[in-house]
Amino acid sequence: MSALPVYRWHLAPDGLATRRQLRALGLRPGGQEVAAQLERPRRRRGPLVAYLYRVDLAVPVRPMTPARRAALERANAARRMCPSCRRDAGYVIPAALGCCVPCAYPDPRGSEGSTL
């Protein structure tokens, strides 16, 4: 196996794209191997790395079926459900908290507390 070609940021040749760029074109890698690597240098840390795929070998994104849409809606609803109070928080529960913000930081004055 040979080493991947490495290109600097904004200097990749035409015909190669990242996953996000492929998705914007309505494509996906489709099982192909990574064709090259893109590196963006940073001052005090290692470079940011993005993998590049060949656009000519990319395949169209699979269409969203009603069953997949329903499964995605159920998964997103489960991410919004607080395990402590069992209410829909209206936002995705932060993993660092593990529950909704009111359950994680209860108001010590109670719900009738002053706002001053």
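Tutor: Two strands count as paired if DSSP finds at least two bridges between them. Helices (H or I, at least four residues) and strands (E, at least two) are DSSP runs, numbered from the N terminus. The model above is predicted, so local features need pLDDT of at least 70 and side-chain atom pairs count only at pLDDT 80 or more, while totals for chains, interfaces and linings use all residues. Residues are numbered from 1 along each chain as its sequence is written, and side-chain values use heavy atoms, with hydrogens and water left out.

Student: How many helices and strands does the chain have?

Tutor: The chain has three helices and six strands. Along the sequence they follow the pattern β-β-α-β-β-β-β-α-α. The radius of gyration (taken over C-alpha atoms) is 22 Å, well over the 13 Å from the globule rule for 116 residues, so the chain is more spread out than a compact globule. That rule is 2.2 Å times the number of residues to the power 0.38. Along the principal axes, the C-alpha atoms fill a box of roughly 65 × 45 × 30 Å.

Student: What is the order of the strands in the open sheet?

Tutor: Strands of a sheet pair through backbone hydrogen bonds, either parallel or antiparallel. Here the open sheet has four strands in the order β1-β4-β5-β2, and its pairing is mixed. β1 (6-8) and β2 (16-17) are the edge strands; each has a single partner, so one side of each is left without a neighbour in the sheet.

Student: Which strands run parallel, and where are the bridge partners?

Tutor: β1 runs parallel to β4 (residues 36-40), and three bridges join the two. Arg8 has Glu39 as its bridge partner in β4.

Student: Which strands run antiparallel to β5?

Tutor: β4 and β5 run antiparallel and are joined by five bridges. Arg40 has its bridge partner in Leu48 of β5, and Leu38 stands opposite Ala50 in that strand. Leu16 is partnered by Arg54, and Ala17 stands opposite Tyr53.

Student: Is Gly31 buried or exposed?

Tutor: Buried means under 20% relative accessible area, exposed over 50%, and partly exposed in between (1.4 Å probe, protein chains only). Gly31 has 72% relative accessibility, so Gly31 counts as exposed. Leu4, in the segment before β1, has 34% and therefore counts as partly exposed. Of the 116 residues in the chain, 16% are buried.

Student: Which residues make up the nonpolar surface patch?

Tutor: Leu4, Val49 and Tyr51 make a nonpolar surface patch of about 250 Å². Patch residues have over 30% relative accessible area and no salt bridge; like charges are joined within 9 Å, and nonpolar side chains (Val, Leu, Ile, Met, Phe, Trp, Tyr) within 5 Å. A salt bridge is a side-chain nitrogen of Lys or Arg within 4 Å of a carboxyl oxygen of Asp or Glu. Accessible areas come from the Shrake-Rupley method with a 1.4 Å probe, and for residues only the protein chains shown count as cover.
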